[in-house]
There are 2 protein chains.
Amino acid sequence: MQKQNFLTKNQQIVLDLVEKSSEPLKAYTILFNVQKKGIKAPLQVYRALDKLVEIGKIHKIESRNAFIACHNSSCQVAKATAFSICEICEKVTEISSAGLSKYLANFKDKDGMKYSKYNLEFFGLCKKCR
Amino acid sequence: MQKQNFLTKNQQIVLDLVEKSSEPLKAYTILFNVQKKGIKAPLQVYRALDKLVEIGKIHKIESRNAFIACHNSSCQVAKATAFSICEICEKVTEISSAGLSKYLANFKDKDGMKYSKYNLEFFGLCKKCR
DNA sequence: AATTAATTGTTATAATATAACATTATGTAA
DNA sequence: TTACATAATGTTATATTATAACAATTAATT
Ligand SMILES: [Zn+2]
Ligand SMILES: [Zn+2]
Ligand SMILES: [Zn+2]
Ligand SMILES: [Zn+2]
C-alpha cells in the first residue's frame, strides 16, 4: 500500500472543523464537536490529528495543547513553524516570514549543528489587547 | 509582604533534583523522587515547578512536558528560551547564542509587533545519534 | 483471490494538570 | 506585639490530555 495521498473520512471531518475555527482547538473540544458526525472516541480524534500534523495541514500549539490549521502557504516543510500568542485573549497567529524561516533554517548551534525542524512560539499582547 | 526572594523548602527540593538531572524530568518522575523528602502530592510539585519556571531557575520543554534546569547564564530574562532536542535519544540542550536571542528579541511580525517572550525548540539528531 | 498495509472502532487506562478548601508560616504596619 | 494581609503548604478529589491493546474493516498490490 502506498503512502496515502488523500484524507480519510475521520481526517477530513477533523480538518474541516479545525479549518473553520478562528482559534486553536483542543482535542476534546474537537471530539465534542464531531460526535454528531460519528466520531465517538478520543483516539479517533488523536489519530486524525496525528496524521494531519504529519502532513502539515494543521500544527500543534505545544504550549496550549491545541491545534490550528496551517495558514502559511509557504509552510511546505510543515515541520518548521512559528506562532505569536496573545497572553490575554489567547489569539494565535501563524507567522510567515521568509527572513525568520531562513534565519532559523540556517541557524547553527555551538557544534555547528543545523536543525531543519523547529517550533517557535512568541508570547505577547495582540493589537486588540494592548 | 514582599516578593519572595529565596526558595522555600519544596521549591529547593524540586530544584535540587532537576539540577542534578542530566535530562529533562517529568512532573510525576519528580514526585516519585522527592517522596522520601516529604512531598506527597502532585500539586506540591506543580506549585514548586510553577515558581521555579517563573523565576527562571528551570524551563519547561513544552513539546515534552518536562522540566530542565537553566544552564544559560545569560538567560536572565527567563522568558526567552531556546533548546535543541534529539529525536532519537531525547537529549535536550539549552542554546545560548547571543546572535539568536538578539535576532528573536528584535524580530517584528507583519504588524511591526515585537515579542520579548518566546520559546524555541529545534528538533534533529544529536552528535551521538547521527 | 490472496496478501499486505493502513485505517477504524472500541474499551480501558495512563499520564498530565488543576480545583477547592483548610491550615500554617511569614512579612507589614498600627 | 498584636492584628492584618499575603504567601506557601497540605490534602483530597477531580479534570484534562493522551495512549495501550486488540479486534474488525477497508483498500492498494501481487
Ligand atoms: Zn503552517
Ligand atoms: Zn489579545
Ligand atoms: Zn535558561
Ligand atoms: Zn541523540
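Reader: What is the geometry of the site of the zinc ion (ligand 2)?
Author: In this predicted model, the zinc ion (ligand 2) is held by the SG atoms of A:C86, A:C89, A:C126 and A:C129, at 2.3 to 2.4 Å. The angles among these four donor atoms run from 105 to 114 degrees. Four donors count as tetrahedral if all angles lie between 85 and 135 degrees, and the site of the zinc ion (ligand 2) is therefore tetrahedral.

Reader: Is A:C126, one of the donor residues of that ion, buried or exposed?
Author: A:C126 coordinates the zinc ion (ligand 2) through its SG atom, and its relative accessibility is 14%. Because buried means under 20% relative accessible area, A:C126 counts as buried.

Reader: Which residues coordinate the zinc ion (ligand 4), and how many residues apart are B:C89 and B:C129?
Author: The zinc ion (ligand 4) is coordinated through SG atoms, at 2.2 to 2.4 Å, by B:C86, B:C89, B:C126 and B:C129. Of these, B:C89 lies in the loop between β3 (80-86) and β4 (92-94) of chain B, while B:C129 lies in the segment after β5 (117-124) of chain B. This pair links distant parts of the chain, the two residues being 40 residues apart.

Reader: With which residue does the side chain of B:T81 make a polar contact?
Author: B:T81 is placed in strand β3 of chain B, and at 7% relative accessibility it counts as buried. Its side chain makes a polar contact, at 2.6 Å, with the side chain of B:N119.

Methods
Residues numbered from 1 in each chain as written. Chains lettered and ligands numbered in written order. Predicted model: local features only at pLDDT ≥ 70, side-chain atom pairs only at ≥ 80, totals over all residues. Heavy atoms only, no water. Donors = N, O, S within 2.8 Å, 3.2 Å for Na, K, Ca; no water. Tetrahedral: all angles 85-135°; square planar, octahedral: opposite > 155°, others 65-115°. Buried < 20%, exposed > 50% of the residue type's maximum accessible area, 1.4 Å probe, protein only. Helix = DSSP H or I, 4+ residues; strand = E, 2+ residues; numbered from the N terminus. Polar contact = N/O pair within 3.5 Å; in protein donor to acceptor, adjacent residues only side chain to side chain.
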